[in-house]
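Please look over the sequence and the structure shown here before reading on.

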Amino acid sequence: MKLTRRQFIGASATAAATYSFWGIGRYALAQSRSSAISDATPVDKVLREEKTFYTSDAFCASECGLKVTTLNGVISTIYGNVHVPYNAGTICAKGGSGKQVIYSPYRLKYPMIRVGARGEGKFRRASWSEAAAYIATRLEHIKKQYGPESVIMDGGDMTDQDPYWRLFYTYGTPNCAQHGAICDTPRRFGPQVIEGGMRIEPDLMRPVLVRQPDGSLKNDYSYANKMVIYVGWNPFVATRINYESRGTLAAKANGAKIVVVDPAFSNTAAQADWWLPIRPGTDADLFAAMLRYIISNNSPGDPERNYIDPTFLEYSIGWPAFEAAFRSWWNKTDPVNGLPYFSLEWTAQRTGLAASDIRELAHEFGSTKPAALVWGMNGTGHHFNGEVVSTIGTALNVITGNFDAPGGVIDTALVRSNKGGNNASDYIKANPAQRVVNGKTVTGTSWDLEMDNNGAWPAAFWGALGAYPKQFAEGVQIQYGPFAGYSYPIKAFVVRGGNPILSASTKDRWSEVVTAKDASGAYKTELMVCIDTAYLETGMYADVILPEASYFERMGLSDIYPSEPVMYLRQPVVEPLFEAKNQVEIMNLLAKALHDAGDPDIQAKDFWGKYHVQDDFWNEALLKAPGTTNVGKPLPYPHLPEGYKLLGTPDSLEAGRVQIDHTKQQVQGDPVTVDWLRAHNGVAVWPMAWYRQLAKSGGIIATKSGKMEFQFGEMEKINAFMAQSGGKTPYMLEKTGMSQFPTTFFWYETVWNPYTNSNYAKYRDEYPFQLISGRIHQSMSATQYVDWLGRISEEHLWMPLNDDKTYHPTVVDATGGRQVAGVHRLRAGAWSIAVIQMNAADGRHLGLQTGDVVRLRNPLGLETRGKVWLSELIRPGVLRVPPGAGNRMTPGMGQTYEYRNITPSSNKLLDPDLSSPITGMSSYNDMVVKVIKA
Amino acid sequence: MSAGIKLSPIPTLPPPVDPSQEDITIVMRRDLRRALAKPIEQRHWGMVIDLQRCTGCQGCTIACINENKLPPGVVYRPVLENVSGTFPNVSKQFLPRPCMQCEDPPCVPVCPVAATYKRPDGIVAIDYDVCIGCRYCITACPYSARTFDWGEFYGDAVCGAPTAYEEVPSLEYGKVWMREPGTSPIGNTRKCQFCLERLDHGELPACTETCFGRATYFGDLNDPEALVNRVRQDRQMMQLKSDLGTNPSVFYLL
């Protein structure tokens, strides 16, 4: 019997009832169009109707270049864009799964207004105009009553938050944050203070476009690398930097030695030459031992021990002071083990590695040229003392001559293309503000009211999102700058595309502060807004939900961490489904509503009168591309002045179709535009060069002195800034025993580590396990509802241990949250869930078997529960879980939500009162637990 | 190459510094054109998977689902994992497992209606219109490369109906398959066919084009100049279960 879809639907009453769920809006449209194709249609006709788009991913922050095809307005295939050298046509499992994001039944579809209590997840559908007016009215009230600084805008885990920042900076709040604050700021600290950069990666991106001796530009596919050391970094599965997957293995095939330092035998470790199963939270110890060994044993005349390349002294300042401060520790003894700091024996005791292995690693890193030392997000970025790790790591790469050397490391943040500056941060920094402080009227700028840098976190260069709950509860106390002594409450929290309630600090702490009420029973935080495509925990606490277009439905720009400047376009490949809108539309809509509500700062000329369509916004952002300087070997553009800033399309710069401004030292070609990108396979690629720090101008080094600073000018500036306001020591810095921010080599221990920090040694016996997390495809806050990823397993962290379960799916739709008709069954073993990876011998010792449910309890009395997976692939005494993948409380997580009570959350157990003392990062991976059989 | 099928253009990238080092997907697409210019019986499609380059990301598994519009329970190219040893002396191997396209395929003789057959170019194909869904072939395949299409949709797990992307037809074997209840390929056995429809257009199989570690090579095993053959030189190689005499067209580099 041959039935068409429609006949089938019509024939089945239950199916018809559920079909109506999809028979709304654009889905119905898409379906009726697609039904024009039948089995009798010739393939070539279908292919002729297929449309191809070059766009970019944003399912994760790797943002790979994509080639997407659609048929009748529905996505058909997802491939990589081979023209984008960052991923060169390759994509991972997550990249291929985007169809299930955009067409997910769980996604947010309509604007909604809360009808239940915050956290309950009860909403009613609203129109865009009603929702915008609701938000605008409250924002205007807050602005008048408390000042615009009482509003926080969190732009979330996407790099295209500029329209939202523009809106809220112009509204008048300096408090615009984004996910970077809770991503890995300690990992970025060292590069930031030493070279003004952020992200050191191995020189593994191939191809790169290189100027040839004959003047031509060619793609170079060769690998110069001889050694790559990944510390707490698992690029094969964390997939943050696409090219590190194919690049690592190609370099290895070419003879490079690959070393992985990680408590778990990750997929990257599985393909490495050498795995060092280090104790969690001791990366700083290992790096310090390597530095001590290299300094002590450096012998310039001996080719075997010619570790240090003194060239770095030409482009750096302060090394003698850094070295002296470092050496000053060598004779001190550690209270935990009684051994001299940074000695091989001391390091062996603390890291659990053999002294001979540590010596070998130090020697090989020092003597192998080129080599790359790379530290990761979960491994170092999520430890309290990650700032120490990244500082020593940067120094190690620089003094050994590997910085920007072919086959060495590249600070990709220093060499990537600029993509903006239209977020109105210039406006907010200059906008005059007056406040009454201790009875006196004080004048400053709005920027001086920024909550972190003028408050408890003067050096948190991305803000201290993990410590926000304290400020929600206690209000912002301005301690430094013109407004020192001023305080204000947090009254509104606008979150877009992030999930801070779950992932920044603990959910318990967040829900406590955003549901706190005043004496009259009103929420103290008067307005919570969530703008997103996915329905996450943060959305459950929102007063208003605005559905944002997914990354296949909106425009944006990607410039993610390549070795050379690359800029590629994210463009809508399908129309937004349901009532979702793109970020420029939402910016304009909210701006108009604020204007209508009487906000004098929001004018048509800055928003809806200026950006008529989203292209206008991104074309303006592209005016600054690439914004890199013409430096390095080989010189990118030998026909243009060396050291000048480059602006414009690759073809105009190549042809010399430019205007040269000698005063500004700037070369202006034809501006890059959205249309130019569309016409050029979606991507602009400017040439690669190396040794870009050696230019007389200081090249790519972005510190104030133009040199690498081993005496940290930025920290000196912050110390002086604090001193001007009386020099009060920020509370978290005080906990480390420092009264000022370090200005050269510094050391402090991580927290909740009984093996390295004497304050916690007492927990060693009662809480014998260290709890860490490991990032995988499925472990992002908004990943687990994707069916395809739910069905595959990963690294003994996301495994098919689900129980047989019958469930009633709940979707957020026109009626608010609604249980969909029908009962569904997930058979045991059909769905992967977050598990607790435990060393097999540890498990046997506790009488546990894979699949047993246990409770993990920490000394703070916090608990989580989950099933154990006994594994040989992890160090004894360590438990590992996927971050953000367990104990999910939002029905928007689909099948994953159904298993919320048997899946673990490491975030639940982190210490909400501790954040990295300089950058304000939550210490996600510093905790000890005991295991209790449930 | 069937008459009238248009080859898709090969992307143009900047010229390589070293002509022997180039984007392998571009090289392999040129290889495909050479093969497609030959009569079908003179080419032998084969795959080489470099196990030292597999990252275990499972991107190929998903790319294949995307391309072939596979429903729940139907997977053409899983990545198997083998863990061995005890801490700290452990190892882990990843093994992507497409259909082996055997020279002597055990699935073919067991088919009672001759729906499964070996093509002259080496691909083991299934004629969905002939297949009666008896699943003998599933049992016969020593590689578990065949799965059955029971008619499920991803949308079933939530709203009891297909999601919009499941309405997009599969173009397997160069034919349009709307995959509607009661019609093929629902009720048929399904398996990897090296993305035959893409090959016809001079494009690589989905797994090969997207491979994250660039571990997968594809081409005409009869063409000594093809990358799929050059890459095998001087490398240790294996075929899965070679003792069975099936002689797979898929080779693994160790």
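In this predicted model, strand β6 (residues 151-154) of chain A pairs with strand β21 (residues 492-496) of chain A in the parallel sense, and four bridges hold this pairing.

**An open sheet in chain A**

- Three strands of chain A, in the order β1-β2-β3, form an open sheet whose pairing is antiparallel.
- The edges of this sheet are β1 (50-56) and β3 (74-80) of chain A, each of which pairs on one side only.
- If direction is ignored, neighbouring strands of the sheet are turned against each other by 25° on average.
- Between β1(A) and strand β2 (residues 65-71) of chain A there are seven bridges, with the two strands running antiparallel, and in this arrangement A:E50 stands opposite A:L71 of β2(A).

**Helix α17(A) and two helices that pass it**

- The axis of helix α12 (residues 283-297) of chain A comes within 9 Å of the axis of helix α17 (residues 386-399) of chain A, and the two cross at roughly 30°.
- Because angles under 35 degrees count as roughly parallel, α12(A) is described as roughly parallel to α17(A), and the crossing is left-handed.
- Among the residues that make this contact are A:F287, A:A288 and A:L291 of α12(A), together with A:V389, A:I392 and A:L396 of α17(A).
- By class, the contact of α12(A) with α17(A) has 10 nonpolar residues, one polar residue and one charged residue.
- Helix α8 (residues 185-195) of chain A also meets α17(A), with axes that come within 6 Å and cross at roughly 45°.
- α8(A) and α17(A) are therefore oblique to each other, and this crossing is right-handed.
- The residues in this second contact include A:P186, A:R187 and A:F189 of α8(A), as well as A:E387, A:S390 and A:T394 of α17(A).
- The contact of α8(A) with α17(A) divides into four nonpolar, six polar and three charged residues.

**Where chains A and B meet**

- The contact between the chains draws 81 residues from chain A and 61 residues from chain B.
- On the side of chain B that touches chain A, at least two residues each come from α2 (59-68), β2 (79-86), β3 (89-96), α5 (156-159) and α7 (206-210) of chain B.
- Helix α2(B) gives the most to this side of chain B, supplying seven residues.
- When the residues of this side of chain B are sorted by class, 30 are nonpolar, 19 are polar and 12 are charged.

**A residue in chain B**

- From C-alpha to C-alpha, B:C159 and B:L13 are 44 Å apart in space, and they are 146 residues apart in sequence.

Technical notes. Residues numbered from 1 in each chain as written. Chains lettered and ligands numbered in written order. Predicted model: local features only at pLDDT ≥ 70, side-chain atom pairs only at ≥ 80, totals over all residues. Contact = placed C-beta atoms within 7 Å. Nonpolar A, V, L, I, M, F, W, Y, C, P; charged D, E, K, R; others polar. Axes fitted to C-alpha atoms, helices over the stretch in contact; angles between N-to-C directions. Parallel < 35°, antiparallel > 145°, perpendicular 65-115°, else oblique. Left-handed = near helix turned anticlockwise from the far one by under 90°. Pairing = 2+ DSSP bridges.
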